[in-house]
Amino acid sequence: MKKAVLSIAILVIIAACGPQERISSETFKKVNESMEVKRLVESEIINEAMIWGDSISKEAQQSLITSLQDAIALNGVPGAIDFCNIQALPILSDLSQKYGVQVRRASNRYRNPSDQPTDEEKPILEAYEFNAENGNKSDPNIQKVENGEVFLYTKPIVIPGGMCLSCHGDPKSEINEATLQKLSQLYPEDKAKGHKVGDLRGMWSIRIPKSEVVKRL
């Protein structure tokens, strides 16, 4: 492709010159330099995808936490559950459109059924669960999918603090009755209660097209 583009560029220069004009070697050199395509090795692309995935996951986490804190301050924990039910997915959808990726959360202990892991996500999530159960550290991960044209970035989500236990903690001691009623009403299949601070909540799952990563390099 590079040679084809270069040939076209040279033909344009030849056409622009009169039939009696000769093209100097210096002109050819300048054309070659101007048409030089940056060579990217796969490891550079994967590394950039990892860095970008980490940045997007942090932005997603911060956006949800900030919006959730505002909802709690305005309407209490039951009102914040209404917020999560209506606004959490649109927030992630907006972020996905912003970067040309697909951002979502996946969990086997899901609250919203839409957060159930896909076949691609299941083995990664199970590996994170195994590490959590055995006291091992889990790092972000990146996999190639769709014949290498898409990167699947994943990162564990843990319960960060006591605020989360007001709707994810022990239903007998940490979640009040009004909140339990709201959870039962909005999420009849809820599996996300009974957590403690530091527990694995699930994982971020971000599908990043390789073409979008290359644009950043």
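User: Is Ser57 buried or exposed?

Analyst: A residue counts as buried under 20% relative accessible area, as exposed over 50%, and as partly exposed in between, with a 1.4 Å probe and protein chains only. Ser57 has 1% relative accessibility and is therefore buried. This is a predicted model, in which local features need pLDDT of at least 70 and side-chain atom pairs count only at pLDDT 80 or more, while totals for chains, interfaces and linings use all residues. Residues are numbered from 1 along each chain as its sequence is written, and side-chain values use heavy atoms, with hydrogens and water left out.

User: Which residues does Ser57 touch?

Analyst: Contact means heavy atoms within 4.5 Å. Leaving aside residues up to four places away in sequence, Ser57 touches Tyr153, Lys155, Trp204 and Ile206. The side chains of Ser57 and Lys155 are also joined by a polar contact of 3.4 Å. A polar contact is a pair of N or O atoms within 3.5 Å; within protein, one must be able to donate a hydrogen and the other to accept it, and residues adjacent in sequence count only if both atoms are side-chain atoms. Ser57 itself is placed in helix α3.

User: How many helices and strands are there in the chain?

Analyst: Helices (H or I, at least four residues) and strands (E, at least two) are DSSP runs, numbered from the N terminus. The chain has seven helices and four strands, in the order α-α-α-β-α-β-β-α-α-β-α along the sequence. Of its 217 residues, 36% count as buried.

User: Which strands are joined to β4 by bridges?

Analyst: Two strands pair if DSSP finds at least two bridges between them. Strand β1 (residues 102–106) is joined to β4 by five bridges and runs antiparallel to it; here Val103 stands opposite Ile206. Strand β3 (residues 150–158) is joined to β4 by nine bridges, again antiparallel, and Tyr153 has Ile206 as its bridge partner.

User: Why is strand β4 described as largely enclosed?

Analyst: Strand β4 covers residues 200–209, and nine of its ten residues are buried, so the rest of the structure largely encloses it.

User: How does one read the faces of a helix, and which residues of α6 are buried?

Analyst: An α-helix has 3.6 residues a turn, so residues three or four places apart point the same way. In helix α6 (residues 177–186), the buried residues are Thr179, Leu180, Lys182 and Leu183. Down the axis of α6 they fall within an arc of 165°, so they line one face of the helix; the arc is that of the directions from the helix axis to the C-beta atoms. The buried residues of α6 pack against α3 (42–99) and α5 (165–168). On the face turned away from that buried side, α6 carries the exposed residues Glu177, Gln181, Ser184 and Gln185.

User: Which residue caps the N-terminal end of α6?

Analyst: Asn176 does so, with a side-chain oxygen 3.3 Å from the backbone nitrogen of Ala178.

User: How many disulfides are there?

Analyst: A disulfide is a covalent bond between the sulfur atoms of two cysteines. Here the rule asks for a pair of cysteine sulfur atoms within 2.5 Å, and the count is zero. For Cys164, the nearest cysteine sulfur belongs to Cys167 and is 7.0 Å away. For Cys167, the nearest is that of Cys84, 6.5 Å away. Cys167 counts as buried at 14% relative accessibility, and Cys164 counts as buried at 17%.
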